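Dear colleague,

Please find below the structure that I am handing over to you, with its sequence. My notes on what was found in it follow directly after.

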Amino acid sequence: MTNATKLSAAIRRIAPSRTNAMTDHAIALRAAGRDIISLSVGEPDFPTPDHVKAAAKAALDANETRYTAVAGTAALREAAALHFHRDLGIATPPAQVIASAGGKQAIFHALMVTLDPGDEVLIPAPWWVSYPEIARFAGATVVPMHTDAAGGFRITPEQLEAAIGTRTRWLMLNSPGNPTGAVYSAADLAALANVLRRHPHVLVLSDDIYAPLRYTPGDHATMAVVAPDLAGADETGRVLTVSGVSKSHAMTGFRIGVATGPTWLIAAMSKLQSHNSGNPCSIAQAAAVAAFNGPQAFLLDWRDRFRARRDRVVAAINAIPGLSTPVPDGAFYCMIDATPLMGRFGDDEALVMHLLDHGVAVVAASAFGGRDGFRISFAADETKLDTAIARIAGAFA
Ligand SMILES: Cc1ncc(COP(=O)(O)O)c(C=O)c1O
């Protein structure tokens, strides 16, 4: 028996995260003495706010070092309910909130407790790398819904109607989106909701983890608010909204994500979590309470700084012959088209390896279900961004 055959069919169906793989690669090259700027990772470069760090230290000093309730402490579920209401407009009781080890774990659990082999998951592409792999791990089939820059990287109601079948279980929505920065308006979501009303067997996962990072005017739009009839607490409820502190509050290492949805789904996710990680880290939960309950004004300042970086990066990239990118409306990524350069490289994986040789780590579009391009994160300081873009221009000169 080879080692590969000792592994489950489920794990053999999935690929490792290519964003994490590129980040690890860049770390290894740096450790070997190479000068590599990594624009592959999706995390703010700002330090975690002091009041959040103080709450973590206080929790440690107060011996909050034991198991907590599986779905999170009462304090965190209340703080998350406040966050869902204040920041996303979703009125939800703490009982319908679960805290997990990152938004990633909440999404993993939601898919694992609802999917059976043969079920289908509709995922707009380019997508966040983990959606298709989690769906496949659960035995489901991924149905990609292609989007492009011309359409704002958003799916249309017609596309949704055509993609839904009898085995469709989930529609994954991510706004603002990773890797494209796409933002769905309330009108966009209302049009999708009209389609979903005709198909009561389809659940909606609204991944709003980048909600504070919107660069367009107007309120954040989310399915639970636009279509409250789909988002009930009871058996008819079929919207799960995922949020967190990782991206908004520069707390990626704390591993806290939160989700709210119908009682039946939150209970099932909690049941699985009880046998998986159990509760999320007690210290990190205390820190997340401080993040949700503490000052929020600095988020506007951070957003403005990200917007300035976005504008700087978009202008610089569009000035490089062979590269083009639309202006992302949210999050901190640019999906860059490099079609004119493909004759030279063959595929986008070869192109990103070429960029790595020139000292910049980025992730190929194909890792996200896209093609002929690459994603950069502009969550890096201006000096690094300028140097990285100069290297990219040099690599293609
Ligand atoms: C779209 C999207 N959803 C969820 C997550 C997961 O975030 P967390 O670090 O809280 O697990 C990420 C992180 O990269 C993301 O980009």
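Asp119 is located in the loop that lies between α6 (102-112) and β3. Please bear in mind throughout that this is a predicted model. The relative accessibility of Asp119 is 7%, so this residue counts as buried. Two contacts of the Asp119 side chain may interest you. One of its polar atoms lies 2.7 Å from the backbone nitrogen of Asp116. The side chain of Asp119 also makes a polar contact with the side chain of Arg167, at 2.8 Å.

Strand β3 (residues 120-125) runs parallel to β5, and three bridges join the two. Within this pairing, Glu120 has Thr168 of β5 as its bridge partner. Strand β5 itself spans residues 168-174 and is mostly covered, with six of its seven residues buried.

β5 is also joined to strand β6 (residues 203-207), in this case by five bridges, and these two strands run parallel. Here Asn174 stands opposite Asp207 of β6. Together with helix α9 (residues 186-197), β5 and β6 make a β-α-β unit, which is right-handed.

Another residue of strand β6 is Ser206. Is Ser206 buried or exposed? Its relative accessibility is 5%, so Ser206 counts as buried. The side chain of Ser206 makes a polar contact with that of Thr222, at 3.2 Å.

**The ligand**

The ligand is surrounded by 13 residues, and the closest are Asp207, Tyr210, Ser246, Lys247 and Arg255.

- Tyr210: an N or O atom of its side chain is 2.7 Å from an oxygen atom of the ligand.
- Ser246: a polar atom of its side chain lies 2.6 Å from an oxygen atom of the ligand.
- Arg255: an N or O atom of its side chain is 2.7 Å from an oxygen atom of the ligand.

On its own, the ligand has 390 Å² of accessible area, and the protein covers 92% of this.

**The sheet of β9, β12 and β11**

Three strands form an open sheet with antiparallel pairing, in the order β9-β12-β11. Which strands stand at the edges? They are β9 (333-337) and β11 (363-364); each has a single partner strand, so one side of each is left without a neighbour in the sheet. Two bridges connect β11 with strand β12 (residues 373-377), again in the antiparallel sense. In one of these pairings, Ala364 has Phe374 of β12 as its bridge partner.

**Cysteines**

How many disulfides does a search of the whole structure find? The number is zero. A disulfide is a covalent bond between the sulfur atoms of two cysteines. As for the exposure of individual cysteines, Cys281 has a relative accessible area of 42% and is therefore partly exposed. Cys334, by contrast, has a relative accessible area of 0% and is therefore buried.

With kind regards

Methods
Residues are numbered from 1 along each chain as its sequence is written. This is a predicted model: local features need pLDDT of at least 70, side-chain atom pairs count only at pLDDT 80 or more; totals for chains, interfaces and linings use all residues. Side-chain values use heavy atoms; hydrogens and water are left out. Buried means under 20% relative accessible area, exposed over 50%, partly exposed in between (1.4 Å probe, protein chains only). Helices (H or I, at least four residues) and strands (E, at least two) are DSSP runs, numbered from the N terminus. Two strands pair if DSSP finds at least two bridges between them. A crossover is right-handed if, with the strands pointing away from the viewer, the path from the first strand over the helix to the second runs clockwise. A disulfide is a pair of cysteine sulfur atoms within 2.5 Å. A residue is near a molecule or strand if one of its heavy atoms lies within 4 Å of it. A polar contact is a pair of N or O atoms within 3.5 Å; within protein, one must be able to donate a hydrogen and the other to accept it, and residues adjacent in sequence count only if both atoms are side-chain atoms. Accessible areas come from the Shrake-Rupley method with a 1.4 Å probe; for residues, only the protein chains shown count as cover.
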